[in-house]
Amino acid sequence: VRQHVPGFENAYISETASALGVRESRRLRGVHTLTGEEACAGMDFPDTIARASCPVDIHGSQEGGKGTYHGLRQSYGIPYRCLIAEGFRNLLVAGRPISSDHAAHSSLRRMAPGFAIGEAAGIAAALAARDDGDVHAVSVPALQQALRNHGAILDPDPPAGA
């Protein structure tokens, strides 16, 4: 850069990260897989347990290696079904590895959605433990009410001008 970009003649690296960050790794195959189309459309779901509004941010895998980056017009719901492991009665997954496709993952992998998903998974696990441990049998309205009682934002963005 010092040799080829005007203004960078005296530039230098002052610090780098101590480790490489991994943006994407394995994900759960859940009861529902959140898609990039659902996220970009601002979908809401009857079993929404969190909302996200982070941009779609895919590095170098599309558009001839340039990647994809674009904001969203509105937030989207993250369904409880994305946390439930398909084929298991007592397994929930929270954070980055929830059931989502590549594009949806590029938005929901951020810290704020991760915190919200983790809170929902913890409350859902507690509700399941009160019964027989079956995460499929958790009352979604009870889960959503508990989340709202803790200040979670589950409802879609208000319409413009509201």
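**Close-up views of a predicted model**

View 1. Ile-49 is found in strand β1, and the model in which it is shown here, as in every view below, is a predicted one. With a relative accessible area of 1%, Ile-49 is buried, because buried is taken to mean under 20%. Not counting residues up to four places away in sequence, Ile-49 touches Ile-78, Pro-79, Tyr-80, Leu-83, Ala-116, Ala-120, Leu-143, Leu-147 and Leu-154. Pro-141 lies 92 residues from Ile-49 in sequence, yet the C-alpha atoms of Ile-49 and Pro-141 are 9.8 Å apart in space.

**View 2. Ala-120 in helix α3.** Ala-120, which lies in helix α3, has a relative accessible area of 0% and is therefore buried. Leaving aside its neighbours within four places in sequence, Ala-120 is in contact with Ile-49, Leu-143 and Leu-147; Ile-49 belongs to strand β1, while Leu-143 and Leu-147 belong to α4. Between the C-alpha atoms of Ala-120 and Ile-153, which are 33 residues apart along the chain, the separation is 11 Å.

**View 3. The packing of helices α3 and α4.** Two packed helices are described by the angle between their axes and by the distance between those axes. Helix α3, formed by residues 111–130, packs against helix α4, formed by residues 140–149, at an angle of about 130°, and their axes are 10 Å apart. This angle makes α3 oblique to α4, and the crossing of the two helices, α3 and α4, is right-handed. On the α3 side, Glu-119, Ala-120, Ile-123, Ala-124 and Leu-127 take part, and they meet Ala-142, Leu-143, Ala-146 and Leu-147 of α4.

**View 4. Ser-75 and its polar contact with Arg-51.** Ser-75 is placed in the loop between β3, residues 68–70, and β4, residues 76–79. Its relative accessibility is 6%, so Ser-75 counts as buried. The side chain of Ser-75 is joined to the side chain of Arg-51 by a polar contact of 2.8 Å.

**View 5. Met-43 in the loop between α1 and β1.** Met-43 has its place in the loop that runs between α1 and β1, the latter comprising residues 48–52. Because its relative accessibility is 34%, Met-43 counts as partly exposed. Not counting residues up to four places away in sequence, Met-43 touches Glu-38, Arg-51, Tyr-76 and Gly-77; Arg-51 is also the residue whose side chain makes the polar contact with Ser-75. The C-alpha atoms of Met-43 and Pro-97, which are 54 residues apart along the chain, are separated by 20 Å.

**View 6. Ser-100 in the loop between β4 and α2.** Ser-100 is found in the loop that connects β4 with α2, residues 102–108, and, at 6% relative accessibility, Ser-100 counts as buried. Leaving aside its neighbours within four places in sequence, Ser-100 is in contact with Arg-27, Thr-33, Leu-34, His-105 and Leu-108. Among these contacts, His-105 and Leu-108 fall within the residue range of α2.

**View 7. Tyr-12 in the segment before α1.** Tyr-12 lies in the segment that precedes α1, residues 36–40. At 67% relative accessibility Tyr-12 counts as exposed, since exposed is taken to mean over 50%. The C-alpha atom of Tyr-12 is separated by 38 Å from that of Asp-101, and these two residues are 89 residues apart along the chain.

Notes: Residues are numbered from 1 along each chain as its sequence is written. This is a predicted model: local features need pLDDT of at least 70, side-chain atom pairs count only at pLDDT 80 or more; totals for chains, interfaces and linings use all residues. Side-chain values use heavy atoms; hydrogens and water are left out. Helices (H or I, at least four residues) and strands (E, at least two) are DSSP runs, numbered from the N terminus. Buried means under 20% relative accessible area, exposed over 50%, partly exposed in between (1.4 Å probe, protein chains only). A polar contact is a pair of N or O atoms within 3.5 Å; within protein, one must be able to donate a hydrogen and the other to accept it, and residues adjacent in sequence count only if both atoms are side-chain atoms. Axes are lines fitted to C-alpha atoms, for helices over the stretch in contact, and angles run from 0 to 180 degrees between N-to-C directions. Angles under 35 degrees count as roughly parallel, over 145 as roughly antiparallel, 65 to 115 as roughly perpendicular and the rest as oblique. A crossing is left-handed if the near helix is turned anticlockwise from the far one by less than a right angle, and right-handed if clockwise. Contact means heavy atoms within 4.5 Å.
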